Amino acid sequence: VVVHYHPHANADFSPDTTTFEFSTTTQKPTWTVATLLAGNFTDPIGSNGAGLENPPFLIPPDTKNQVFTMDFVDPKSIPIPLRLLAVAAHMHLVGTDEKITVERATPTATNPASECLLQVPQWNFNWQRAYEYDTDIASLPLISPGDKVKVRCTYDNTMANPGTRTALADAGLDAPVDVRLGETTLDEMCLGVFGIVY
């Protein structure tokens, strides 16, 4: 489990007392479930097919409908077909819309050449969740070697965006500033999160 926290002006610095309970087994599982993250690229698309379509990632102050697209094709990272259990979007407070699609190198009748996996057209940072496919494993969408996953994120760095106002207030600011990729909530992210099974 990975969680990144943004320091808030009214933060409580008490130690985190989260605990986890787990068990181990020597029995080989029938299926393996994992999480795959795609996006947050700072560099243009390279020879491996992964990167940012329109660099550099910068959302200037008072800019509405700023769009960035992250491409991910790296066959070394996807060496075998993977079935998607769930898909989630991740941006911060300046984000307004995220769309995740796949362009398949070898489409089939059940896995078309181009497919929208998820779109969150009214992004709300306070309501982040994964969307699970309600079907059996054999019918889950596939991502295979050579397929291109695209994560398109749209931002509004104006005072008309309630998320921008919240991010600025948390940072003690009263006017929009340059926003770049980063870990804090006043920074931004453009990330697709995939629950996979193989």
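**Close-up views of a predicted model**

View 1. About 40 Å³ of space lies in the largest cavity, in a model that is predicted, where local features need pLDDT of at least 70, side-chain atom pairs count only at pLDDT 80 or more, and totals for chains, interfaces and linings use all residues. Residues are numbered from 1 along each chain as its sequence is written, and side-chain values use heavy atoms, with hydrogens and water left out. A cavity here is a set of points, on a 1 Å grid over the protein atoms alone, where a 1.4 Å probe fits but cannot get out; lining residues have an atom within 4 Å of a point. Grid points are joined across faces, edges and corners, and a volume is the space filled by probe spheres set on the points. The count comes to one cavity of 30 Å³ or more.

View 2. A pocket is an open set of grid points with protein on both sides within 12 Å along at least five of seven lines. Of its 13 lining residues, Trp123, Asn124, Phe125, Asn161 and Gly163 lie nearest the centre. Strand S5 (95–103) and H1 are the elements that give two or more residues to this lining, and H1 supplies the largest share, three residues. Helices (H or I, at least four residues) and strands (E, at least two) are DSSP runs, numbered from the N terminus. The lining of this pocket has five nonpolar, eight polar and no charged residues.

View 3. Cys153 and Cys190 are joined by a disulfide, S to S 2.1 Å (a pair of cysteine sulfur atoms within 2.5 Å). With 90° about the S-S bond, this link is right-handed. Cys153 lies in strand S9 (residues 148–157) and Cys190 in the loop between helix H1 (162–170) and strand S10 (191–197), so the pair ties together parts that are 37 residues apart in sequence. Both Cys153 and Cys190 are buried (under 20% relative accessible area; exposed is over 50%, and partly exposed lies in between, with a 1.4 Å probe and protein chains only). Cys116 is in no disulfide, and the nearest cysteine sulfur, that of Cys153, is 13 Å away. At 41% relative accessibility, Cys116 counts as partly exposed.

**View 4. Strand S4 and its neighbours.** Seven of the nine residues of strand S4 (residues 82–90) are buried, so this strand is largely enclosed by the rest of the structure. Two strands pair if DSSP finds at least two bridges between them. S4 runs antiparallel to S10, with seven bridges, and Arg83 stands opposite Val197 there. Arg83 also has Leu142 as its bridge partner in S8. Three bridges join S4 to the antiparallel strand S7 (residues 130–132), where Ala130 faces Ala88.

**View 5. An open five-stranded sheet.** The order is S2-S3-S9-S5-S6, with antiparallel pairing. Strand S2 (51–52) and strand S6 (114–120) stand at the edges, each with a single partner strand, so one side of each is left without a neighbour in the sheet. Nine bridges join strand S3 (residues 63–72) to S9, and Thr63 stands opposite Asn157 in S9.

Technical notes: Nonpolar A, V, L, I, M, F, W, Y, C, P; charged D, E, K, R; others polar.
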